[in-house]
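Here are a few friendly notes to read alongside the picture. Take them one at a time, and find each part on the structure as you go.

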Amino acid sequence: MAEKSLFAILLRSSWWVSFAIAAGVMLVARAVLPEQYVVGGMLAALPFLGIGVVTAWRQLRAPSAARVASALEAVEAMSWREFSGALEDAFRRDGYVTRRLEGSAADFEMTRAGRTSLVSCRRWKARSTGAESLRDLCALKEARDAHEGIYVAIGGVTENARRYAAEKKLRVLEGVELAQLMQGVPRATQRPPK
């Protein structure tokens, strides 16, 4: 779906916007169309109702700001060993087969359904990350012919780095998305030693 299409915009908006548009379409159909076409006109509201339901479901499942902050604080308190193990567990739970990489610009290579992703957490605790780490990940992604590059960050990513990631189609995993990924992973302090 195109990023600027109406339905993509509605998926990023509040759930009630889609329902309001659906109600508007139904009211206009009822007011403007002849009686024999009203039902058909009202069917035009179904896609908006569907988008509203999907958006409401996503927003209902999204963690609150307090839960996101708490999850990110817990992640920030982890050691590298704890964090990398928890991240591996989270990706495995999502169906990936993970393999640790040593001495490269990425920390993990993951595969699922024949697609390879490289994950870099090089500066995962940094307060702000610039484009340099993303450039290294992009170069490795191209060298290994990987399908996706994922950069994990707890702190902020500079605007320059964000533009670079968008331009090179790298995914920056941070904030809500990182908190959701780590949700349900046992706390590192409770993990058995490897």
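1. Start with helix α6, residues 80-93, in this predicted model. Its 14 residues reach 20 Å from the first C-alpha to the last, close to the 20 Å expected at 1.5 Å a residue. Among the buried residues of α6 are Phe83, Leu87 and Phe91. After the helix comes glycine 95, whose phi is positive, near 100°.

2. Now look at the open sheet. Its 5 strands have the order β1-β2-β3-β5-β7, and the pairing is mixed. At the edges sit β1 (97-100) and β7 (171-173), each of which pairs on one side only. From one strand to the next, the twist averages 25°.

3. Strand β5 (residues 148-152) and β7 run parallel, joined by 3 bridges. Valine 152 stands opposite leucine 173 of β7. Helix α9 (residues 175-182) packs on the sheet and touches both β5 and β7. The direction of α9 makes about 65° with that of β7.

4. Side chains of opposite charge can pair when their charged atoms come close. How many salt bridges are there? The count comes to 11. One of them joins arginine 171 to glutamate 148, with the closest N and O atoms 3.6 Å apart. This pair links distant parts of the chain, β7 and β5, 23 residues apart.

5. Another salt bridge, at 2.7 Å from N to O, brings together arginine 162 and glutamate 174. Elsewhere, salt bridges with shared partners join Glu88, Asp89, Arg92 and Arg100 into one network.

Technical notes. Residues numbered from 1 in each chain as written. Predicted model: local features only at pLDDT ≥ 70, side-chain atom pairs only at ≥ 80, totals over all residues. Heavy atoms only, no water. Pairing = 2+ DSSP bridges. Helix = DSSP H or I, 4+ residues; strand = E, 2+ residues; numbered from the N terminus. Axes fitted to C-alpha atoms, helices over the stretch in contact; angles between N-to-C directions. Contact = heavy atoms within 4.5 Å. Expected span 1.5 Å × (residues − 1). Buried < 20%, exposed > 50% of the residue type's maximum accessible area, 1.4 Å probe, protein only. Salt bridge = Lys/Arg side-chain N within 4 Å of Asp/Glu carboxyl O.
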